[in-house]
Amino acid sequence: MSTGAVGRAYPRLEGPAKVTGTARYAVEYPVDGVTYGWAVPSAVVRGRITRIDTTEALASPGVLAVVHHGNASRMAPGPQPELRLLQAPTVHYRGQYVAVVVATSLEAAREGARLVRIDYDTSPHSTVLTDDHPGLYKPDQVNPSYPTDTAEGDFDAGYAAAPVRVDVTYRTPAYHNNPMEPHATTAQWHDGQLLVHDSTQGATPVHATLAELFELPPESVRVVAEHVGGGFGSKGYAKASVVLAALAARHVDRPVRLALTRQQLFGPVGYRTPTIQRVRLAADTDGRLTAICHDAVSQTSTIREFAEQTAVYTRSMYAAPHRRTTHRLVRLDVPTPFWMRAPGECPGAYALESAVDELAIAVGIDPVELRIRNDTAVDPDQGRPFTSRNVVACLREGAERFGWAGRDPSPRSRRDGRWLIGTGVAGSSYPARNRPSSATATARPDGSFLVQINATDIGTGARTAIWQVAADALGVPPERVEIRIGDSQLPAAALAGGSMGTASWSWAVIRAAQALREKLRDGGPPTVEVTAEADTTEEVGGQPALPRYAYGAQFVEVRVDADTGEVRLNRMLGVFAAGRVVNPTTARSQLIGGMTMGLSMALHEEGLLDERYGDWVNHDLATYHITGCADVESIEAYWLDERDDELNPAGVKGLGEIGIVGAAAAVANAVHHATGVRIRELPIRLDKLIGVSDLA
Ligand code: MOS
């Protein structure tokens, strides 16, 4: 019996605690005798520390210790070599943490860090991705475990034979994750037991990593992440802050708080790799795609392979008989790139959805219509039907709501005084994944229920969504349900990433609720507790599951100042098909957030690396620009009422990432429509459009 909680726009459960300041984040817990850590980044790119002089630092008031490779406790090797900090004198990239100063106040730690003298031997370095970089190679697979290259039909022959062709190369720069709350940790050791309050997207993976690195039995580690101020992928696994805090706390035998500064977020915690993407599309004169090729180049570090799945979006989005995708990587002397909202799909869709727009112009067919003509019920990559694919419905509803009909396709056809006006569209898709999770449901004597799961709410409203799902699954009003998340002592669950949190967690919660109701049917003791595990749909009966994706259509209207080249958006409008929506309020904010981040990518964001110093030049929010309210007058997000029973018990596809996919292409396509200028290298800054008034 459902009580109708799912689908209702409940406000966030923790809203009052957040707005009154009582919700505690990782370094806000009161801890007796707490000390403060300040991370010291390397000042060279590649080399070796030859000497660390801590005399002055240790003499500075309040400084308790300088922890470095010469005195830090040893950690076990593991699959994340970038976390084995302070273990060796080797420096692999500029900004690598080479020491931590611990002091009785934050200010004293910071001053101590300034006084640590480090000498290095340096070696030549290479830090900037180029098209023909020596050492380009083919990784064994791309994230998370896709084949590196794919090929069907005969792309070269199909492309050569086609009457309409597009061959274009797009470039995206590095992008830096900037959650409101930086990576931050409070670490405490008590009798060989490690307790951390960490800002993470998943206390379960952080727990596993700490147990492994510090060679502790699982029960000796506890990770608490009750409230987290964003992550966007950069907090998907354990990061430097938690490792340094734990090392430092062990060293001084006191609790340590360590928060990275805003500037320290640029690089060492991950960033979206720059990409170079060549896309070739061929079509018949009726706009039906006959050949598709997407070749992607990106970077990784020298210490860990991170192979972003840039061209994977192209494998399943549009059909054609002849198709090819490739990924190549180069190892640079840079921090390891990592996840950022829709890793792969986001930059990949910018390239493909821009190229589709170029094809629409080449073949003379409306870009909405061209996409509809190339829809497919069967996944071109896997040759099997999608569980549901409503991209055409999104395009149609979006076109209707946006007022697309009657658009004059000619560039520069609309003008309002000094503003050139244009509209653009792009498709969007993101995989609907899930991961194993478990949950415990308890019936209490007073008629209330407790549901526990180590899920993480990184600001998305996940806590509230799980609570709604739990209430319906238990068949009681939500007011009778208490929910506990964000602690590794609760049943292990998937991290908040890959748009798979709600799907995975709700699965486990529904299973636990069902099992509890079974038990309660026969009466029983006053307190009944059951733990249950979700299945996953990675495999069903030994067969890989049917392909499953969320879809969307993004529409944008821009105005471009004909004299200055300044771009403003009159409106952005997205329609999405993402399965069942648990909470319209939090869903809308995820979609609008994704679209906003896509707008930011389109117009502003660009991590600039200076090859001479191997360092990010614009490593703060004064110089690394992000979008603001002045850029856009209206953002609207809608969704279809999509039912897909193949997915999981809650019918959820996830919507943390779909909103960013395609957004930048829609902006770039609209800018082309307004100005006749095709920007193939983001961001679309005014210096690339200045003088556009002279083009006519
Ligand atoms: Mo997100 S990049 O899936 O954490």
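This is a predicted model: local features need pLDDT of at least 70, side-chain atom pairs count only at pLDDT 80 or more; totals for chains, interfaces and linings use all residues.

**Helix packing and backbone geometry**

Author: Helix α8 is mostly covered, with 17 of its 19 residues buried. Helix α8 comprises residues 345-363 and reaches 26 Å from its first C-alpha to its last, close to the 27 Å expected at 1.5 Å a residue. Directly after α8 comes G364, and the phi of G364 is positive, near 75 degrees.

The helix pair requested is that of α11, residues 462-474, and α12, residues 501-520; the two pack at an angle of about 30 degrees, and their axes lie 9 Å apart. Because angles under 35 degrees count as roughly parallel, α11 is described as roughly parallel to α12. The crossing of α11 past α12 is right-handed. On the side of α11, the contact is formed by A462, I466, V469, A470, D472, A473 and L474.

The backbone elsewhere calls for a word of context. Most residues other than glycine have a negative phi, and most peptide bonds are trans.

D191 is not a glycine, yet its phi is positive, at about 50 degrees. D191 is situated in the loop between β11 (184-190) and β12 (193-198). With a relative accessibility of 79%, D191 counts as exposed, because the cut-off for that class is over 50%.

D253 likewise is not a glycine and has a positive phi, of about 55 degrees. Its loop runs between α6 (240-252) and β14 (256-259). The relative accessibility of D253 is 63%, so D253 also counts as exposed.

As for the prolines, the peptide bond from N143 to P144 is cis, with omega near -15 degrees. P144 belongs to the loop between β7 (141-142) and β8 (146-147). A cis peptide bond also leads from L682 to P683, where omega is near 0 degrees. P683 is placed in the segment after α14 (663-675).

Note on methods. Residues are numbered from 1 along each chain as its sequence is written. Side-chain values use heavy atoms; hydrogens and water are left out. Axes are lines fitted to C-alpha atoms, for helices over the stretch in contact, and angles run from 0 to 180 degrees between N-to-C directions. Helices (H or I, at least four residues) and strands (E, at least two) are DSSP runs, numbered from the N terminus. Angles under 35 degrees count as roughly parallel, over 145 as roughly antiparallel, 65 to 115 as roughly perpendicular and the rest as oblique. A crossing is left-handed if the near helix is turned anticlockwise from the far one by less than a right angle, and right-handed if clockwise. Contact means heavy atoms within 4.5 Å. The expected span of a helix is 1.5 Å times one less than its number of residues. Buried means under 20% relative accessible area, exposed over 50%, partly exposed in between (1.4 Å probe, protein chains only).
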